[in-house]
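Biologist: I have a structure open on my screen and would like to learn how to read it. Could you walk me through it, feature by feature?

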Amino acid sequence: MKALQVVNYQPASSAQLVTLPDPTPGENDVLVRVQAAAFNPLDAKLSQGVMQAFFPLTFPYIPGTDFAGEIIAVGGKVKNFAIGDTVLGRADPTAGGAMADIICLDHTLIALCPSGLAPATAACLPTPAGVAQLALNTLNSGPNAPLLITGTGAVARAAILLARSQGPGPIYVLGDGLDRVANLGATPVSPTDPALADIMTKTAHVLDTAGGHLQKAVLNHVQPGTHIATVSVPIDEATATAKALKTGFVFLQTDPAILANLANMALASPLAVPNITTFALADSIAVFNDFANGTLKGKPVMVASTS
């Protein structure tokens with residue numbers, strides 16, 4: 001099989017396209033022929049070594065966690081999947097493996113794709129929509145409670161749509177470039193909007209996808225007892241204690257039930273990230289390097305050749 005491979009952390013680029021033996025599945029594994037694989041911001045952070053405390057990489061390493069494809073082999077103990085099934089999944093970040101012709105991983109890290117869901121769409125779901133759903137589950141705000149979401153990126157977009165599907169409560173989105181979340185059913189709020197102070201008096205649940213100045217804007221107006229789930233930058237313990245907040249940092253753990261639900265929702269809702277840029281595995285060296293150093297914008301998705 002062909003695969004993108006790196007042998008050290010960025011910024012020293014070591015990306016290369018290599019030919020490797022096809023992997024052999026263990027008893028609990030599946031082999032999936034990758035039809036599409038998406039890069040996420042986490043992949044850039046992993047490649048730069050800034051996540052070593054949480055996700056230390058062993059080199060050589062094949063980047064990419066999020067993918068969609070067709071099962072071509074199953075381990076002896078795998079009973080709920082079969083050869084020919086179309087699936088989406090998210091590999092463990094320390095294992096990676098998605099930027100390749102074939103990926104081998106435990107069957108508990110995948111879910112069936114419904115018929116009609118394009119592989120490039122499915123590959124965009126596991127990390128951004130998955131962490132959004134886990135964060136909403138953590139907040140457990142109830143169907144009618146107001147919710148404030150910070151940020152306008154992929155996680156925030158998914159969180160808005162998922163929250164809308166779970167209840168009619170008001171949803172506010174705090175951010176810059178609010179046109180990116182227009183028409184998704186949330187009330188846009190600028191960080192300098194005087195209305196933010198009033199909104200925070202009514203909002204006991206916050207999903208912070210952004211950190212930085214948006215997190216600071218929330219903390220300037222937050223009420224005691226507010227529950228804030230963060231997915232980008234944790235709130236320091238001293239601040240949480242001083243303001244009497246309930247806080248938690250959400251690490252994404254792949255949940256096949258969540259994956260399956262997201263895939264089914266994506267047939268009817270625009271859960272996938274906009275501004276997708278597709279590329280072939282043969283072009284993955286340049287795409288990976290540009291994405292890792294921040295010069296490539298949008299959502300890069302590798303699409304396998306059908307020839």
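Predicted model: local features only at pLDDT ≥ 70, side-chain atom pairs only at ≥ 80, totals over all residues.

Biologist: Which strands make up the open sheet, and in what order?

Modeller: The general idea comes first. Strands of a sheet pair through backbone hydrogen bonds, in either a parallel or an antiparallel way. Here six strands form an open sheet, ordered β10-β9-β8-β11-β12-β13, with parallel pairing. The edges are β10 (187–189) and β13 (246–249); each has a single partner strand, so one side of each has no neighbour in the sheet. Direction ignored, neighbouring strands are turned by 20° against each other on average.

Biologist: How many bridges join β8 to β9?

Modeller: Four bridges join these two parallel strands. A handy landmark is I149, which stands opposite V173 in β9.

Biologist: Which way do the side chains of β12 point, and are they buried or exposed?

Modeller: In a regular strand, side chains alternate between the two faces of the sheet. In β12, H227 and A229 point one way while I228 and T230 point the other way, and all of them are buried.

Biologist: Which strands does α3 touch when it packs on the sheet?

Modeller: α3 touches β8, β11 (205–208) and β12 (227–230), and its direction makes about 155° with that of β11. Another helix, α4, lies across β8, β9 and β11 and runs at about 165° to β8.

Biologist: Which residues touch the most other members of the largest nonpolar core?

Modeller: In soluble globular proteins, nonpolar side chains tend to be buried together. The largest nonpolar core here has 41 residues, and L88, I149, L207 and L271 touch the most other members. Two or more residues come from each of α3 (128–139), β8 (147–150), α4 (154–166), β9 (171–174) and α8 (256–266). The biggest giver is α4, with eight residues.

Biologist: What does L271 touch?

Modeller: Leaving out residues up to four places away in sequence, L271 touches L125, A158, L161, L162, L262, M265 and A266. Apart from this core lies another of 34 residues, including A37, F39, V87 and F291.

Biologist: At what angle do the axes of α1 and α9 cross?

Modeller: Two packed helices are described by the angle between their axes and by the distance between those axes. For α1 (residues 41–48) and α9 (residues 284–292), the axes come within 9 Å and cross at roughly 85°. The two helices are therefore roughly perpendicular to each other. On the α1 side the contact is made by P41, A44, S47 and Q48, and on the α9 side by F288, F291 and A292. These contact residues divide into five nonpolar, two polar and no charged.

Biologist: Which residues of α1 are buried?

Modeller: An α-helix has 3.6 residues a turn, so residues three or four places apart point the same way. In α1, the buried residues are L42, D43, A44, L46 and S47. They pack against β3 (29–38), β5 (86–90) and α9. After α1 comes G49, with a positive phi near 80°.

Biologist: Which residues have a positive phi although they are not glycine?

Modeller: One of them is N183, with a phi of about 65°, in the loop between β9 and β10. N183 counts as exposed because its relative accessibility is 79%, and the cut-off for exposed is over 50%. Another is A244, with a phi of about 55°, in the loop between α7 (237–242) and β13. At 44% relative accessibility, A244 counts as partly exposed.

Biologist: Where is the cis peptide bond?

Modeller: The cis peptide bond joins F59 and P60, with omega about 0°. P60 belongs to the loop between α1 and β4 (66–74).

Biologist: And what about P168: is it buried or exposed?

Modeller: P168 is exposed, at 66% relative accessible area, and sits in the loop between α4 and β9. Its C-alpha atom is 9.7 Å from that of G142, 26 residues apart along the chain. Not counting residues up to four places away in sequence, P168 touches P143 and N144.

Notes:
Residues numbered from 1 in each chain as written. Heavy atoms only, no water. Axes fitted to C-alpha atoms, helices over the stretch in contact; angles between N-to-C directions. Parallel < 35°, antiparallel > 145°, perpendicular 65-115°, else oblique. Contact = heavy atoms within 4.5 Å. Nonpolar A, V, L, I, M, F, W, Y, C, P; charged D, E, K, R; others polar. Core = buried A, V, L, I, M, F, W, Y, C linked by side-chain atoms within 4.5 Å. Buried < 20%, exposed > 50% of the residue type's maximum accessible area, 1.4 Å probe, protein only. Pairing = 2+ DSSP bridges.
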